[in-house]
Amino acid sequence: MTHNGSKAAELTSSKDVRIPVEGMTCAACALRIERKLGKLEGVSSAGVNYAAEEAVVTLGVDGPDVKELIRVIRKTGYGVKASVAEVRFEGMEAQRQASHLVSALQETNGVVGTDVQDRGDGVDVRIGYIRSMLSGRELTALIDQFRPISSTQGISPAENARVQERKMRARLVVSIVFSIPLAIIAMSHGALGLVYEHWIQFGLAVPVVLYAGVPFFSAAWSALRHGGADMNTLVALGVGSAFGYSTLAIVLPERVGAGTMPPVYFEAAALIVTFILVGCYLEERAKGRTGEAIERLKALQPEEARLLVDDAVEMVPADALGLGDVVRILPGERIPVDGRVLEGESPVDESMVTGESVPFLRVAGDAVVSGTTNTSSVLTVEVTRTGADTMLAQITHLVSKAQATKAPIQQLADRVAAVFVPVVMIVAIMTGVFWWIFGPAPALDNALLRFVSVLIIACPCALGLATPTAIVVGTGRAAKRGILIRDASALQMLAGIRSVAFDKTGTLTRGELVVSHLEASSGTDESDLLRLAASLEYVSEHPIGRAILEVAHEHGVAIITPSDVRVTPGKGIAGDVDGRKVLVGNAAFMQQEKVQIPNIGQGRSGSLVFVAETDRFLGWVEVIDQARPEVRTVLNSLRTQGLKPVLLTGDREEAAASLSAEVGLEEWYAGLLPHEKVERLEAIQAEGIWVAMVGDGINDAPALATADLGIAVHSGTDVAREASDVTLMKHDLSLIPEAVGLSRETMRVIRQNLFFAFIYNVICIPIAAGALYPAFGILLSPIIASAAMALSSVSVVTNSLRLKNDRAKQ
């Protein structure tokens, strides 16, 4: 059970750095990087997601800079996916200009490397940078300060990925082209009558092993140089042993075969490379599909915007816009920034960001967000947020961060993966020695085949992919539906909750309170009562305060800005209005302030707000709120899922009882202060029940942080969202049972993946070692072992992809 009472504090005292990593080939790679980063002083936590190919490092106040993190990643034997810019200087000052630029770049966050080349007729500077930390516009602005002859954006990580995919495809084609005739010749066992048959096999195997198989050998060597071992180590040892033994057999047959030509296994070496390349290729394509949700989010951001300058329109890059700029959005165009509508009115389709399918009419004064689509009329919008501050950028960041985190269920897989390769190597050696000493003739051949089979069939990749691929797909699908999940732990917790506690006002109700009754005490004018109450509530964000303000505006009451305001959470507000000490709050607040109030609660289901001056009672206001239309259906859905709904409210018993009867709530607690909500949640937790809290206001923040899982609705305050684990991007409570169902389905897929990954290795490694030979005479060839190994990884990723289309089961 995880309690997160300091979430908001953690957000202000730490920062997350996301670094795209390249060169990882299995879970062991990710774990090695993770351990190295985690050992750095000032690093609060480090997570490396093999499926997302990304490191997420949480830095404390005195944490290392990005360059140090990148240095550690590279020192561990892996690279950083960087975009490239190329700059050229010419003339007498070229060397000095280039030197000054490099000095400036070394102090710039997001630059991962520079390379200076003196070409004689000029100086070229090649710059590697991470776009998520340093935008192309910011880099160009920095470069232009040094007046280069030219500057161009080079290959991006996405383009580089496509180049690498083409290279892999080329290796795969070569491998298949040469492996097929090699397999035919080998399996004919001399029936084809070829002269120098073994040398022909050698010639066909060389391009497969020494060209197509190079990535395995180079990665294995890199891991070895950095004191590690991974999947590539197993493949390189297996392929190298089969190929090396066979080569030695045809070069020195008398040394290997005791005077006769020994069997060769070139086809095994070649087909192992081919099958594993096929598996890697399919795995990479499937992994690419798991991240489609985040790529779609990023693609929502338009690249250009129509900037209004002196009534003229200029097309400018969207990331060049600044606060206060005014842009024009035509019908059918996506909105490039967060802003406020100045002119025009038009329905805006926000489904891509919030999941809400019905467009909202936006008029002058309304806020609009980037990535949404203007549907029918021209809008003129003033920019209020740009770049990383826009809602779309924040959503993208939250989803990316969640996808790079690890669920607690993955800990066992990580512990196994950390020692998997060394253990498999020991088992393979012991197997080979055993067959060499005790196995049937030819002993050396059988020992070699068993040794290679064990190395090749073992698959740490499936263990590493089991959890992160499902997390990536699950959180991406949730984001598409308007459900933002903070991290993988929250996703796992969401699947395990058994009780859901709701706040009342603004959560189960519309939050659009209206004043149903206002009554002044004798000697007090109603307009004066309303003026004092509305003026004090002017600085409050509570829905009750907004209701009182609205009725004051309707009656034309002049609002006076209060001073010396003091808020007592869950009770009321006090302050000076026009020199008068005014109190507005519930009965408990009045009792606290020693104000005598009449007993008027009987028969009233609305919330009662009392108004007083110093210790003199002035009157009272009743406000009512309607239940949201989907509440009853949502509560029934939660019960169907085995969850128990509970109402925790600071409102009066009469109001809580009336709402509970209306929506069918059986358990409710009224008159609770913020700390009493926390105590009630702790009482539920003491029974061993995981509980979620759904709220939207400052008063709910302690309860959201105390609950095992905090769920904040989008209309809520920033404090509520910071304290939550799940945020609903639209105020639709039906997203809660949907989120629970999706999380349970995601965890079900993760368990299936882990079971398959574990059971595959537990069963297949003994079979490869020859465990079935004594009883059944069954031996597994290295070729079949390589096919099984490739299939295991692909099947795990494919199983995770089912989450993209399956309806979340209950």
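Two strands pair if DSSP finds at least two bridges between them. Helices (H or I, at least four residues) and strands (E, at least two) are themselves DSSP runs, numbered from the N terminus. With that in hand, here's a quick tour of the structure above. It's a predicted model, where local features need pLDDT of at least 70 and side-chain atom pairs count only at pLDDT 80 or more, while totals for chains, interfaces and linings use all residues. Residues are numbered from 1 along each chain as its sequence is written, and side-chain values use heavy atoms, with hydrogens and water left out.

**Strand pairs**

- Strand β13 (residues 346–349) pairs with strand β14 (residues 360–362) in the antiparallel sense, over 3 bridges. Look for Pro-347, which stands opposite Leu-361 in β14.
- β13 also pairs with strand β16 (residues 373–374), again antiparallel, over 2 bridges. Here Asp-349 has Thr-373 of β16 as its bridge partner.
- Strand β1 (residues 15–22) runs antiparallel to strand β3 (residues 54–59), and 6 bridges join them. Asp-16 has Thr-58 in β3 as its bridge partner.
- β1 pairs with strand β4 (residues 79–80) too, antiparallel and over 2 bridges.

- An open sheet is formed by 6 strands in the order β20-β25-β24-β23-β22-β21, with antiparallel pairing.
- At the edges you'll find β20 (514–520) and β21 (563–568), each of which pairs on one side only.
- Neighbouring strands of this sheet are turned by 15° against each other on average, direction ignored. (Axes are lines fitted to C-alpha atoms, for helices over the stretch in contact, and angles run from 0 to 180 degrees between N-to-C directions.)
- Inside the sheet, strand β24 (residues 607–613) and strand β25 (residues 616–624) pair in the antiparallel sense over 7 bridges. Val-611 has Gly-619 in β25 as its bridge partner.
- Helix α20 (residues 526–537) packs on the sheet and touches β20, β21, β22 (572–577), β23 (580–585), β24 and β25. (Contact means heavy atoms within 4.5 Å.) The direction of α20 makes about 80° with that of β23.
- Helix α21 (residues 543–554) lies across β20, β24 and β25, at about 75° to β20.

**Aromatic rings**

- A pair of aromatic rings is described by the distance of the centres and the angle of the planes. Rings of Phe, Tyr and Trp (its six-membered ring) pair if their centres lie within 6.5 Å; planes under 30 degrees apart count as stacked, over 60 as edge-to-face and the rest as tilted.
- By that rule, the structure holds 9 aromatic pairs.
- One of them is Phe-202 with Phe-266, an edge-to-face pair at 5.8 Å centre to centre and 70° between the planes. Phe-202 lies in helix α7 (residues 197–212) and Phe-266 in helix α11 (residues 266–290), so the pair ties together parts that are 64 residues apart in sequence.
- Phe-266 is buried at 0% relative accessible area, whereas Phe-202 is partly exposed at 22%. (Buried means under 20% relative accessible area, exposed over 50%, partly exposed in between, with a 1.4 Å probe and protein chains only.)
- Another pair, Phe-434 with Phe-438, is tilted: 5.0 Å centre to centre, with 45° between the planes. The two are 4 residues apart in helix α15 (residues 411–438), which means they are separated by about one helical turn.
- Ring pairs also link Trp-199, Phe-202, Phe-243 and Phe-266 into a cluster.

**Charges over rings**

- A charge sits over a ring if NZ of Lys or CZ of Arg is within 6 Å of the ring centre and within 35 degrees of the ring normal.
- Arg-171 has its charged end over the ring of Tyr-211, 4.9 Å from the centre.
- Arg-680 does this with the ring of Tyr-669, at 4.0 Å from the centre.

**Backbone details**

- Ala-441 and Pro-442 are joined by a cis peptide bond, with omega about -10°. Pro-442 is in the loop between α15 and α16 (443–457).
- Arg-147 isn't a glycine, yet its phi is positive, near 50°. Arg-147 is in the loop between α5 (136–144) and β8 (150–153), and is exposed at 61% relative accessible area.
- Asp-578 isn't a glycine either, and has a positive phi of about 55°. You'll find Asp-578 in the loop between β22 and β23.
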